[in-house]
Amino acid sequence: MAIKSKKRVNTQTHYEVTAQFADGSTRTIQYPEMPTLLVGQQVKLINGELVAY
């Protein structure tokens, strides 16, 4: 998992988190605030949101 730096979209700041799953697929999720996830932390995707486990 990688947390990218802030980006500007329509003048609103958001954070992009890219997660790589066990099957090799990746998914990037945008958050309006800094997520509490850590780089390298194991996560699962639940209802379109990354959740640590």
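Guide: Strands here are DSSP runs of E with at least two residues, numbered from the N terminus. Keep in mind that the model is predicted.

Visitor: Fine. Where is Phe 21 found?

Guide: Phe 21 sits in the loop between strand 3 and strand 4.

Visitor: How do strand 3 and strand 4 run, and how many bridges join them?

Guide: They run antiparallel, joined by six bridges. Thr 18, for instance, has Thr 28 in strand 4 as its bridge partner. The two strands form a hairpin with five residues between them, and Gly 24 in the turn has a positive phi of about 95°.

Visitor: Back to Phe 21. Why is it called partly exposed?

Guide: Because its relative accessible area is 21%, and buried means under 20%.

Visitor: What is Phe 21 in contact with, sequence neighbours within four places aside?

Guide: Arg 27, Val 43, Leu 45 and Leu 50. Phe 21 and Leu 45 are 24 residues apart in sequence, and their C-alpha atoms are 9.3 Å apart in space.

Visitor: Different topic. Which residues make up the largest nonpolar core?

Guide: Seven residues: Val 17, Ala 19, Ile 29, Tyr 31, Leu 37, Val 43 and Leu 50. Strand 3 (12-20) and strand 4 (26-31) each supply at least two residues of this core.

Visitor: And what does Tyr 31 contact, again leaving out neighbours within four places in sequence?

Guide: Tyr 31 is in contact with His 14, Tyr 15, Val 17, Leu 37, Glu 49 and Leu 50.

Conventions: Residues are numbered from 1 along each chain as its sequence is written. This is a predicted model: local features need pLDDT of at least 70, side-chain atom pairs count only at pLDDT 80 or more; totals for chains, interfaces and linings use all residues. Side-chain values use heavy atoms; hydrogens and water are left out. A nonpolar core is a set of buried Ala, Val, Leu, Ile, Met, Phe, Trp, Tyr and Cys residues joined through side-chain atoms within 4.5 Å. Buried means under 20% relative accessible area, exposed over 50%, partly exposed in between (1.4 Å probe, protein chains only). Helices (H or I, at least four residues) and strands (E, at least two) are DSSP runs, numbered from the N terminus. Contact means heavy atoms within 4.5 Å. Two strands pair if DSSP finds at least two bridges between them.
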